[in-house]
Each structure stands twice: as C-alpha cells, then as structure tokens.
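Dear colleague,

Please find the structure below. My notes on it follow.

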Amino acid sequence: MTFCVIPFINITTHARGDVKMCCHAHPDSSSEFARKPDGSRYNISKDDLEEAFNSEAHRKLRLDMLNGIENDTCTRCLNEEKAGLESPRERFNERFKDLKNIEFKEVMPLDIRYADLKLSNLCNLKCRMCSPFSSSQWVSEEWNSVSKVVDDSVHRQLNKNDFIELKNLDWSNEDISTNNLLKIADTVEELYFLGGEPTLIKANLDMIDHVIANGRSKDILLKIISNVTNLPKDLLSKFTHFKKVEVLCSIDAKGSLLRYIRYPATWDLVLKNLNKLKAMDNVYTQIDCTVTNYSIHRLDEFLEWYQTQEGVGLYLNILHWPRWLNIHSLPAEMKKDIAKRLKKYPEANKVVTFMLDQDKYEEDFPEFISYTKNLDESRNQNILDEIPEYAKYMDR
C-alpha cells in the first residue's frame, strides 16, 4: 500500500521557509521540496501558498499514491514498514481516517487540515544529529570544522552568506509569510510547531495568539516538539484555549548522556520541566526518544526510567539522517550486545528489528567515528566518558 493522506491535506515548511512534501520526505529524493518550473523552491515568504501546494512534485506524488506506485519521496516510511515498524504514513492515515469534505485528487484546494511548521531555526541547543538549518546554535565555525569530515548535501561547508542568513532566519515575520499562514488558520485541525526550539520562535507564538483571538483554537489540536529546556509561563497559560495540546519532549537519554547528545541541555532542568507538563490536565505529554548510535547504547536504562513515568507516552524515533548516526551502521558485535540487552523491553522490539535489518558498517561507521572525534574536540567532550564501548574503534 502506498497511499498517504499527507500530500492532500498538509503544508510542511523548512526552517528557511521552503515548502516540503512532508517532514519525513527523503532528502535524496527528486521531490523533497516543491519546486517551480525553473527548479527553484517554493517559499512561503515569497510565493503564493496555493500554487506551492499544487507544485508539479505535489501533483506527481498524489497521482503515484492514487495509482499504487511507490514514490522515492516516501522511502523512509516504506523502509520502516518493510522492517516491521509502524511508519509515519500509517500513523497519519489512522489519525485522519475520518476526514470530512475531502476528495483526493491530483490538484487540491488549499484546504489545509495539518500544518507542520518550522518557522525558524532559532534554538538554544546544538544537538549532535542536527545542523545549522534546524538550530541557530550550530551556526559557527564549529560547523565548518565538523562538516569537513562528511560528504552530504546538508552537511556541507557554509559560506559567508550562509552564515549571515542562518544566524537570523526571520522570514516568517514578512508580510507574505503572515498572509500565507493566516490562510491556513481558517481550516487547520492540527497545528504542529517544530524548530529550532518552537517555544522561542515569535512567529509560532503569534500564530497561537491569532487562532485564540479568532476563536479557532477550540477546534485545533496544538502539537509542539520541544527540547523541554524552555517553558514560558505565558505559553503554558494559552494551552487551555485549545481543543487539545500535545507536547512531544525530545529526550533521548538520562543524565550526562543527555547533555552529550543535546548539548548543552541539563538533565535536572529537563526533568523539572517534564514534571510541570505532567501536572497539566489539558496536556498530553509524550517522550520522543531519537534513537541514534549514541542513545541506543543506554536505551535499556532509559526505558527502565520511562517505566516510572505514569501517564506519559513514548515514541522511539529512529534517526535516518545523517546516515552515519543511523543504527544500521553499528558494528555487528555491538548490535548483538544491544539486541541482547533490549530483549526484555517490548517497546524496543521493532528498533532491534530495524537495527538488524541492514548492515551499513563499511559505508557509514568510519564517518561516524570521524564525525564524533571532530565534534568531541570542538566541544571538549569525550564519547568514552559516556559510551566506553566505542574505545576499541576510536583509533581506527
């Protein structure tokens, strides 16, 4: 099965304002972004949103889905399903199975029900699996130093103009951006803010204020994915105006390993803010644990801790890119040990299945070692302080 509801009802934006097919669109596909006839990307700070929503890539993706044809944009979901995981496609189809007044066809009206919005890269952390395009904290010479060891379309050297732009991505406050976002506000049923760190981005807060003021918030599910290091009181007070609020907490590990991965977050602050969310009656709190070559080594300990968190959901989000942090790249002996330790945790069964499904050791693990060494040196960290299992590989 190839059908997914998302291309028919969703707008996804990149932190630069470029319109994407989906937040899970494969970065190596021919149609990750909506493009104009001249090949440039549609951008909601410059272009008409309805035109972007019916780009050639959108139309082809919809036709492929309606005709049962696999599209390379959907590689992530298709690979997860083949490994026995529940993919984002399956979750979206279940979530929107009762949509009303929607006819699925090649050209769609701008009747947006799900808005997946990155309105800036403004962030207070620089997570190891991130980049300057999703975190302003990554915009430094550190990035160019680290990116020398990899060969990837995203992990590339930044020039002077890149640095200037990425240090201050304020396109979402432009008039065209505002007008496009207001078009969404009248029909959206789920408003999903990502970052950067969404709680720091002014355009997100303005959008929240707008739907509260026009009375639409009572019909909207508000979703925010947050690193849980910044929870302003005024934002929390606005949650009561929404039909439902979901806060997806990006927490991958406990203690000092959390800081190592999501530098410079601290476990005590994250735990304090998580407890604030758990105490709110109108907020569903979920832990989104990104599974990487870093976090998987202590996933058993993390799951032990999670079992003490009553009323909190859990989603194990397997990282696909950058590819050298994907658990497919781990050495076979490490995979065997990890699989053994995770055997007692049903939540991790599909993660283990995915890990063992492909062997990318030769292609990607050397790059993982180089990337980790370079970043450790830049941040004065040492992976062996957190995961000594890597000791035998660090001098290769």
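The protein chain has 17 helices and eight strands; helices (H or I, at least four residues) and strands (E, at least two) are DSSP runs, numbered from the N terminus. This is a predicted model, in which local features need pLDDT of at least 70 and side-chain atom pairs count only at pLDDT 80 or more, while totals for chains, interfaces and linings use all residues. Residues are numbered from 1 along each chain as its sequence is written, and side-chain values use heavy atoms, with hydrogens and water left out.

Overall dimensions. The C-alpha atoms of the protein chain fill a box of roughly 55 × 45 × 45 Å along the principal axes. The radius of gyration is 21 Å, in agreement with the value near 21 Å that a compact globule of 396 residues would have; the radius is taken over C-alpha atoms, and the globule rule is 2.2 Å times the number of residues to the power 0.38. Of the 396 residues, 58% count as buried. Here buried means under 20% relative accessible area, exposed over 50%, and partly exposed in between (1.4 Å probe, protein chains only). Among contacts (heavy atoms within 4.5 Å) between residues at least 6 apart in sequence, 72% join residues at least 24 apart.

The sheet. Eight strands form an open sheet with mixed pairing, in the order E2-E1-E3-E4-E5-E6-E7-E8. Two strands pair if DSSP finds at least two bridges between them. E2 and E8 (313–318) are the edge strands, each pairing on one side only. E6 and E7 (residues 283–291) run parallel and are joined by six bridges; Glu-246 has Tyr-284 in E7 as its bridge partner. Helix H9 (residues 202–213) lies across E4 (190–194) and E5 (221–226), and runs at about 160° to E4. Axes are lines fitted to C-alpha atoms, for helices over the stretch in contact, and angles run from 0 to 180 degrees between N-to-C directions.

Salt bridges. The whole structure holds 26 salt bridges, each being a side-chain nitrogen of Lys or Arg within 4 Å of a carboxyl oxygen of Asp or Glu.

- Lys-183 pairs with Asp-48, with the closest N and O atoms 3.1 Å apart. This pair links distant parts of the chain, 135 residues apart: Lys-183 is in helix H8 (residues 175–185), and Asp-48 is in the loop between E2 (19–20) and H2 (49–53). Lys-183 is partly exposed at 37% relative accessibility, and Asp-48 is partly exposed at 35%.
- Glu-106 and Arg-59 meet at 3.6 Å, N to O. Their positions are 47 residues apart, with Glu-106 in the loop between H5 (88–95) and E3 (114–118) and Arg-59 in helix H3 (residues 56–66). Glu-106 is partly exposed at 31%, and Arg-59 is partly exposed at 27%.
- Arg-262 and Asp-252 meet at 2.7 Å, N to O. Arg-262 lies in the loop between H11 (255–261) and H12 (267–278) and Asp-252 in the loop between E6 (244–250) and H11, so the pair ties together parts 10 residues apart in sequence. Both Arg-262 and Asp-252 are buried.
- Arg-95, Glu-190, Lys-244 and Glu-246 are linked in a network of salt bridges.

Cysteines. The search finds zero disulfides, a disulfide being a pair of cysteine sulfur atoms within 2.5 Å. For Cys-22, the nearest cysteine sulfur is that of Cys-23, 4.6 Å away; Cys-22 is buried, with a relative accessible area of 15%. For Cys-127, the nearest cysteine sulfur is that of Cys-130, 6.0 Å away; Cys-127 is buried at 9%.

Backbone details. A cis peptide bond joins Gly-195 and Gly-196, with omega about 10°; Gly-196 lies in the loop between E4 and H9. Another cis peptide bond joins Tyr-263 and Pro-264, with omega about 0°, and Pro-264 is in the loop between H11 and H12. Asn-101 is not a glycine but has a positive phi of about 60°; Asn-101 lies in the loop between H5 and E3 and is exposed at 75% relative accessibility. Asn-380, also not a glycine, has a positive phi of about 60°. The place of Asn-380 is the loop between H16 (361–379) and H17 (383–386), and Asn-380 is exposed, with a relative accessible area of 73%.

Regards
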